[in-house]
Amino acid sequence: MDAISRPELFDFQGIWLTHYYTDNWENFENFQARPDDILITSYPKAGNTWVAYILDLLHAGPTSIRLFAKVIPLEICMPRVPGIGSAPPVLKGTELVDRLTHSPRIIKTHLPVQFVPKSFWEQNCKIVYVARNAKDSVVSYFHFERMTMVHPEPEDWSSYLQRFMEGKMVFGSWYDHVSGFWEKKQHYPNLHYMFYEDLIKDTGQELNRLCCFLGLSPSTEEKEALLRRVQFDEMKEYDKVNQSTVGVMDFKKSSFMRKGRVGDWKNHFTVAQSEEFDEDYKKKMKNPTLQFHTEV
């Protein structure tokens, strides 16, 4: 496998992906989950790292180990990159997870619900899904794809926005992704569906709900300490979380953790783009029970 270079986007079983997420597909599909595994999943740039850090602190407490060495994307398959440390020449998410010695394992994915390995459902694993409103999602994803080498070049904002509406993105359609897990939640009780906007509005309340789902009872002092650690500005400066040591990202173009706000889309969308997006959104998002907030 060659060194990291921007890959091509291609249709894989009806979802747009790159080879960094399909080269280890058979092992991914056949991954054997354990009953106490926790899967943290979301569309990209929806708060996955934020909630993964909360989950890690709840189960392991503060440590000196970088988050990406403990909460591993199951689907990745790419050459070892600077900043990873002692790792095999080819990073395969399935192998890295299998090497984890702690329990429960917190495992990450951005793949849509139909691609989650069946063993997670069979073992009745706890699954945490984080959803973010579409407008802020596309803005954050645009800046992420400007700075990461493991995704295609995003090109200009206008064409990127159009591609997002068409679902021609790495990990597929945002609309199908958030809806797919929402529908799964209705008949899989071990799925906890969170909203990024709720986390911004009241992190403490969302922490309490998450602890209730996980069956955890941290003390008031422990929760207060955790909440201090997971404030956005704290995480953005903390090199164990902010991905600043990972060699596939160009921090001159953007930071991995950029603003952590609701409503930044207003700084990117023109009035015409917003109106077109809203019309398209109404056609695609027909479930009245799944509602997002573009402001807090």
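**Notes on the predicted model**

1. The side chain of threonine 94 makes a polar contact of 2.8 Å with the side chain of asparagine 24, a polar contact being a pair of N or O atoms within 3.5 Å, of which, within protein, one must be able to donate a hydrogen and the other to accept it, while residues adjacent in sequence count only if both atoms are side-chain atoms. Threonine 94 belongs to helix α3 (residues 93-98), and helices (H or I, at least four residues) and strands (E, at least two) are DSSP runs numbered from the N terminus. With a relative accessible area of 4%, threonine 94 is buried, where buried means under 20% relative accessible area, exposed over 50% and partly exposed in between, for a 1.4 Å probe and protein chains only. Apart from neighbours within four places in sequence, threonine 94 is in contact with Asn24, Asn27, Phe28, Phe31 and Leu74, contact meaning heavy atoms within 4.5 Å.

2. On the basis of the model: it is predicted, so local features need pLDDT of at least 70 and side-chain atom pairs count only at pLDDT 80 or more, whereas totals for chains, interfaces and linings use all residues. Residues are numbered from 1 along each chain as its sequence is written, and side-chain values use heavy atoms, with hydrogens and water left out.

3. Five strands form an open sheet in the order β4-β7-β3-β8-β9, with parallel pairing, two strands being paired if DSSP finds at least two bridges between them. The edges are taken by β4 (72-73) and β9 (191-195), each of which has a single partner strand, so one side of each is left without a neighbour in the sheet. Strand β3 (residues 38-42) pairs with strand β8 (residues 126-131) in the parallel sense over five bridges, and isoleucine 40 has valine 128 in β8 as its bridge partner.

4. Helix α7 (residues 174-185) lies across β3, β8 and β9 and runs at about 135° to β9; the angle is taken between N-to-C directions, from 0 to 180 degrees, with axes fitted as lines to C-alpha atoms, for helices over the stretch in contact. Helix α9 (residues 203-214) also lies across β3, β8 and β9, running at about 175° to β9.

5. The structure holds eight salt bridges, each defined as a side-chain nitrogen of Lys or Arg within 4 Å of a carboxyl oxygen of Asp or Glu. One of them joins glutamate 153 and arginine 6 (3.2 Å, N to O); glutamate 153 lies in the loop between α5 (134-147) and α6 (157-166) and arginine 6 in the segment before β1 (10-12), so the pair ties together parts that are 147 residues apart in sequence. Glutamate 153 is partly exposed at 37% relative accessibility.

6. Aspartate 37 and arginine 105 meet in a salt bridge as well (2.7 Å, N to O). Is this pair buried or exposed? Aspartate 37 is buried at 1% relative accessibility, and arginine 105 is buried with a relative accessible area of 1%.

7. Phe120, Phe164, Trp174, Val178, Tyr193 and Phe292 touch the most other members of the largest nonpolar core, which has 63 residues; such a core is a set of buried Ala, Val, Leu, Ile, Met, Phe, Trp, Tyr and Cys residues joined through side-chain atoms within 4.5 Å. Helix α5 gives the most to this core, with seven residues. A second, separate core of 26 residues includes Ile40, Leu57, Leu67 and Leu226.
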